[in-house]
Amino acid sequence: EIAEFVRSTDLRIEKIDLSLNRFGDAGLRTFAATQFWSNVPELTVLGLDLCDLGPESALILGEMSLQPSFHCSKFILSRNRLGDDGALCLGQALREAECSLTLLNVADNGITDIGATALLSALRQNDRIEYLNLDGNAHISNEIAECFRDVFVAKERLRVVQLPQFELFRDAGFVRVVQKHRSDSASS
C-alpha cells in the first residue's frame, strides 16, 4: 500500500520513514520490487530504523543505491541485524562511483571488525559519503577505530564518523575528536 501510494502520488516526497515497522527482509524485498523511487526524484532520506532488516536487505539497498533513477542519499538503518554480511554488501555499493549515498547510519547492527573493515575500505574509495555512524557496534576494535580516524583526517569530505570508541567531527576545517568511555571489554 505504501509503495503504491509513493508510486502514484503527485506530492513531493523527500523523506520516507518506515522505522519501527518490523517487516524484515521479505517486506523490504516486496517494497523495493515496486521501484517506488522512480516517481519520487526528490527523495533524499530513507528511514529504516528498527525494521528487523538483515544482510539480504543490505544487498537490496546497496543495489538500489546504484540505480540511475535512485536519488536517495541518506540511509538510516540503525538497530537492525545487518551484521558483517550486510556491512560487506553496503561497502561494495559504496565503492561504486554510481552510489548516491552521502549518509549511512548502521549503528547497533552487530557489525564487527570484519564488516567495519569493508566499510573502511569503501570510505577510502568513495568520494560522496560525508557521514557514517557505526556507534553501538561493540565489537569494533580500537585498532580498526584508529584506521577510521586516519581516513577521516585524510578525507576532507567526511564531516562525521561515529564509532563505539569516539566520534569524529569536521567543522570549518578543524577535526574534533570526542572520546567515549566504554564499559565493555570488546575493544582489543
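**Aromatic pairs and charges over rings**

Phe 70 counts as buried, because its relative accessibility is 2%, where buried means under 20% relative accessible area, exposed over 50% and partly exposed in between (1.4 Å probe, protein chains only). The model is predicted, so that local features need pLDDT of at least 70 and side-chain atom pairs count only at pLDDT 80 or more, while totals for chains, interfaces and linings use all residues. Residues are numbered from 1 along each chain as its sequence is written, and side-chain values use heavy atoms, with hydrogens and water left out.

Phe 70 and Phe 75 form a tilted aromatic pair, with 6.0 Å from centre to centre and 55° between the planes. Rings of Phe, Tyr and Trp (its six-membered ring) pair if their centres lie within 6.5 Å; planes under 30 degrees apart count as stacked, over 60 as edge-to-face and the rest as tilted. Both Phe 70 and Phe 75 are buried.

In total, the structure holds four aromatic pairs. One of them joins Trp 37 and Phe 70, whose ring centres are 5.4 Å apart and whose planes stand at 90°, so this pair is edge-to-face. Trp 37 also counts as buried, at 5% relative accessibility. One aromatic cluster is formed by Phe 31, Phe 36, Trp 37, Phe 70 and Phe 75.

Charged side chains also meet aromatic rings. A charge sits over a ring if NZ of Lys or CZ of Arg is within 6 Å of the ring centre and within 35 degrees of the ring normal. The charged end of Arg 149 sits over the ring of Phe 166, 4.2 Å from its centre, and Arg 176 lies over the face of Phe 169, 4.8 Å from the ring centre.
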